[in-house]
Amino acid sequence: KIGSQLFVFFKSEDDVKMCHGLRAVSSVEMCSFDLSSLIRDYFTPGQQGSTEPAARAGWNSKVEYFLAQVGFSVGLGNVWRFPYLCHQNGGGAFLLLYVLLMLVVGIPLFFLELAAGQAIRQGSIGVWRYISPRLAGIGYSSCVVCFFVALYYNVILAWSLFYLGNSFQYPLPWEQCPKQGNLTVKECEKSSPTSYFWYRKALDVTDSIDETGSFNTYIVCCLLAAWTIVCLGMFKGIKSSVKVMYFSSIFPYVVLFCFLIRGLMLDGALEGISYMFYPKLEIWADIQVWRQAATQVFFALGLGFGSIIAYSSYNPKNNNCHRDAFTVSAINFLTSVLATLVVFAVLGFRAKGKVVECVVSNMEKLSDHLHSGDVDTILIPHFNFSDPGSVSVEDYTVWFKQHGHDVPGNLTECDLEKEMQKGVEGTGLAFIAFTEAMSLLPGSPFWSALFFLMLLNLGLSTMFGTMEGILAPLTDRFKTLAKNKTKLTIFSCIIGFLIGLLFTQRCGNYFVMMFDDYSATLPLIIVVVFETFSVSWLYGADRFLDDIEGMLGWRPHVIYKYLWKYICLLAMLGLLAATTIRMFITRPTYMAWNQDKASEEYLKYPGWALAVMALLIIFAMMPVPVALIHAVLQDRTKLTSRDTEIGRYSIVNTDDKCETPMTDMSDLDQRSTTAASFS
């Protein structure tokens, strides 16, 4: 007797006929005279209640799988988020903290998802439903979050396409301010050519999220093109997407190395890199730095999306997923470091140019004041300022700290580090700061086209993984969708494009920020908390390690048991608490562009926007309690149905002292004649 099912075993095939008579009128689930065949047919993982297609697709080679997994985990965040965090949070000290958290939390959780997908060979819904039907909601939540991310992520690809298209002209349209008649456009003159092109030409952005504005025709067309590329790449599942990944996963590394070699030749590159990696160990005392490092580890590896599970489910059972976890994580980290070197080498060049301009301007002011006799001779610098171009930044900085504030004329501090901090995160890095730096290089259209083609490929490989995190679980769970996977892919892309039109309005950039900051962060952390708890406590860490041993042929170190059960779980709960508290203590803000001031400013989200954020989070997490309640009610319904059948057919009643049918063989033998009359 197992749950609500009754299994009866007999010594001969003839006696099984009697058992079938019992099945006709009772809750007997299966009759067999061969215990081993029953175990094979009924209890083999993936058979009971499984909706997995009979012939599941697989990777043609380990290289394909590796490219897909690396392509998904290495995305835009490695290029424009990690360098900013590293610079803001202690440089080399942040790198050490990041490596520590990746080893203790990131890699164990990454290994957990890889092993779960490979062992059960299902998408995220099937994996957690296999462990317990009450946990199926975890997989559905992952699908919802993947859908939210895909909506705004593809808009970033659309922006990249727009800039890529504008890169094939000389001079580049963001190199100089446009003119109206004989006058320079004031908005551009007050800011910079790159800022003006981004906010006014590309986005035509409004002053706040409350002002919706019309649709941006160019961005709508680029978004349609982006979704078309994704749809064509996913048309035949992993068989077609992996062909694209041979290019999209490798090409960014070629571009990064090209930029690194070119960047190191630029004046100011070494200063930029030294500022980047200068360690500030005191930053470890700041709890917010730990929160940001943990969040970056979390998102860099793509935990909780279900894409890792989906990709690993196509692997053969004996694939060494333990080695894959370390290899992919190492490549992810090294890519982040490589991108950081590139970013700060190029930004160092940009900043050095601006600082030199600042020094020259101030020296010219100082010369004017000296000629007019406004400056005390004690304040005159020891270096030759009559030739402003020959004054070094270091000499000027030392002099300014001593006497700069005493000199009339409002001389400014020409600080290289402060200059590097301007616009070095997210879209500000890619579409303003880095774009401006590239416009200063000889052959700027070539470097610009190369850079935005790299962004496009980085985003594409991540989009393929995100879409696989939606499509694979649904097709594994529902046979109808599995039979129409191509139609499902096309339908998903059409829906994604239609909803994505929200982000192509003039205020669309603000919605991208909202989705990026709030639609995925909290729900994904909660998903991973449930995943870790389900495997380590409900399923059992030892049992899970047994399964891994059966796949790999060797048992991973026992330390994983304690990492999953305690360290990872407590770390994720701490991150969840820190993120939630921060959301409630500090009212969410977004960076807006003020057209009159021609500058960026932080504004608080209005009440309706806060309600939208709350709905996004609630909607993403709703499947977890709904699936739990549904499973509990379903179990109660089955239990009630079983009790009704037992009350109706007394022939299969067993004594209270009997635990299994095997102890009732004598009673069943005595009733064989009665049972035969039902067959």
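A residue is called buried in these legends when its relative accessible area is under 20%, and every view is taken from a predicted model.

**View 1. Glutamate 531 within helix 25.** Glutamate 531 belongs to helix 25, which covers residues 521-552, and its relative accessible area of 2% falls under the 20% limit, so the residue is classed as buried. Leaving aside residues up to four places away in sequence, the contacts of glutamate 531 are with Glu113, Trp128, Ile138, Ser142 and Gly304.

View 2. Because 28 of its 31 residues are buried, helix 8 is largely enclosed by the rest of the structure.

**View 3. Positions annotated as a binding site.** The UniProt record, an unreviewed entry, assigns the feature "binding site" to Gly71, Val74, Asn78, Asn332 and Leu458. These positions are spread over 388 residues of sequence, yet they cluster in space, with a largest C-alpha distance of 12.4 Å. Gly71, Val74 and Leu458 from this set take part in the lining of the largest cavity.

View 4. Valine 74 sits in the loop that joins helix 3 (62-73) to helix 4 (76-80), and with a relative accessibility of 3% it counts as buried. Beyond residues up to four places away in sequence, valine 74 touches Tyr253, Asn332, Thr335, Leu458, Ser461 and Thr462. Asparagine 78, which lies in helix 4, is likewise buried, at 2% relative accessibility. With the same exclusion of residues up to four places away, the contacts of asparagine 78 are Ser73, Pro83, Asn332, Ser336 and Ala339; with asparagine 332 there is also a polar contact between the two side chains, at 3.2 Å.

**View 5. The disulfide of cysteine 177 and cysteine 188.** A search of the whole structure finds one disulfide, formed by cysteine 177 and cysteine 188 with their sulfur atoms 1.9 Å apart. The link is left-handed, with -80 degrees about the S-S bond. Cysteine 177 is in the loop between helix 8 and strand 3 (179-180), whereas cysteine 188 is in helix 9 (residues 186-190), so the pair ties together parts that are 11 residues apart in sequence. Cysteine 177 is partly exposed, with a relative accessible area of 24%, while cysteine 188 is buried, at 1%. Cysteine 222, by contrast, is in no disulfide, and the nearest cysteine sulfur, belonging to cysteine 221, is 6.9 Å away; cysteine 222 counts as buried at 13% relative accessibility.

Notes
Residues are numbered from 1 along each chain as its sequence is written. This is a predicted model: local features need pLDDT of at least 70, side-chain atom pairs count only at pLDDT 80 or more; totals for chains, interfaces and linings use all residues. Side-chain values use heavy atoms; hydrogens and water are left out. Buried means under 20% relative accessible area, exposed over 50%, partly exposed in between (1.4 Å probe, protein chains only). Helices (H or I, at least four residues) and strands (E, at least two) are DSSP runs, numbered from the N terminus. Contact means heavy atoms within 4.5 Å. UniProt positions are given in the numbering used here, feature names are shortened, and annotations may be inferred rather than shown by experiment. On a 1 Å grid over the protein atoms alone, a cavity is a set of points where a 1.4 Å probe fits but cannot get out, and a pocket is an open set with protein on both sides within 12 Å along at least five of seven lines; lining residues have an atom within 4 Å of a point. A polar contact is a pair of N or O atoms within 3.5 Å; within protein, one must be able to donate a hydrogen and the other to accept it, and residues adjacent in sequence count only if both atoms are side-chain atoms. A disulfide is a pair of cysteine sulfur atoms within 2.5 Å.
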